[in-house]
Amino acid sequence: METSRLGFFARLWMAIWLPWKVLFDGLAASLVQKSLERGEVPALPAPAPAPKAPEAPRVVEPKAPSKEEQAASALQLLAILQRDGRFVDFLQEEIAAASDDQVGAAARIVHEGCRKALAQYVRFAPIRDEEEGAAVTVPAGFDAARVRLTGNVTGQPPFRGRLAHPGWKATEVRFPTLAAGHEATVIAPAEVEL
């Protein structure tokens with residue numbers, strides 16, 4: 001069997017690499033020792049395959065709710081406000097002829113029921129922590145969904161003004177799951193007294 005000669009750079013690389021291989025791989029050290037004792041060069045075992053890099057986790061984008069699902073959620077909220085606070089009844093009632101006392105009494109009942117219903121299913125937090133009327137600065141690049149500028153809006157940010165309303169954001173929403181076959185468009189069933 002004819003042995004080919006290694007070039008200079010291959011031998012240089014082997015001179016650098018082989019001591020480390022012998023130092024950290026006991027099997028390779030044993031084979032080198034035996035080959036030196038016998039004057040022969042056996043083939044070194046193939047290195048173990050490098051472990052596969054773990055696959056990057058697949059990012060699954062949440063499916064955007066369909067228009068029907070969005071409508072069902074909005075209608076579910078209306079149904080809850082109607083059930084607990086008679087909200088739709090209040091809005092559908094013609095109140096122009098009612099006295100302020102009558103409207104105030106009805107509004108108090110609707111307010112109490114709707115407030116309890118919302119507290120049961122939605123948690124709210126203010127967007128801004130300052131008190132209403134406090135001086136605030138709106139920086140450049142502000143989120144227009146979180147801050148609405150009113151009044152005489154001219155020039156470039158930062159804008160300085162007074163906080164008229166701190167805003168609200170939902171921090172938690174826990175609506176009950178609708179039963180299969182539930183007709184979301186029914187906000188309140190008709191009531192028949194017997």
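**Stop one: a charged pair**

Select Asp89 and Arg86: their side chains meet in a salt bridge, at 2.9 Å from N to O. Keep in mind that you're looking at a predicted model. Now show the surface around the pair. Asp89 is partly exposed, at 35% relative accessible area, and Arg86 is partly exposed too, at 42%.

**Stop two: two further pairs**

Next, pick Arg83 and Asp84, whose side chains form a salt bridge at 2.8 Å, N to O. Arg83 counts as exposed because its relative accessible area is 52%, and the cut-off for exposed is over 50%. Asp84, at 31%, is partly exposed.

Then jump to Lys63 and Glu69, another salt bridge, with 3.9 Å between N and O. Lys63 is exposed at 68% relative accessibility, while Glu69 is partly exposed at 37%. The salt bridge count comes to seven.

**Stop three: helix α5**

Now select residues 100-121, which make up helix α5. Its 22 residues reach 31 Å from the first C-alpha to the last, close to the 32 Å expected. Colour Val110, Gly113, Cys114, Ala117 and Tyr121: these are buried. Turn the view to look down the axis of α5, and the buried residues fall within an arc of 95°, so they line one face of the helix.

What covers those buried residues? Show α3 (67-85), α4 (87-92), β1 (122-126) and β4 (168-173), which are among the elements covering them.

Conventions. Residues are numbered from 1 along each chain as its sequence is written. This is a predicted model: local features need pLDDT of at least 70, side-chain atom pairs count only at pLDDT 80 or more; totals for chains, interfaces and linings use all residues. Side-chain values use heavy atoms; hydrogens and water are left out. Helices (H or I, at least four residues) and strands (E, at least two) are DSSP runs, numbered from the N terminus. The expected span of a helix is 1.5 Å times one less than its number of residues. Buried means under 20% relative accessible area, exposed over 50%, partly exposed in between (1.4 Å probe, protein chains only). The arc is that of the directions from the helix axis to the C-beta atoms. Contact means heavy atoms within 4.5 Å. A salt bridge is a side-chain nitrogen of Lys or Arg within 4 Å of a carboxyl oxygen of Asp or Glu.
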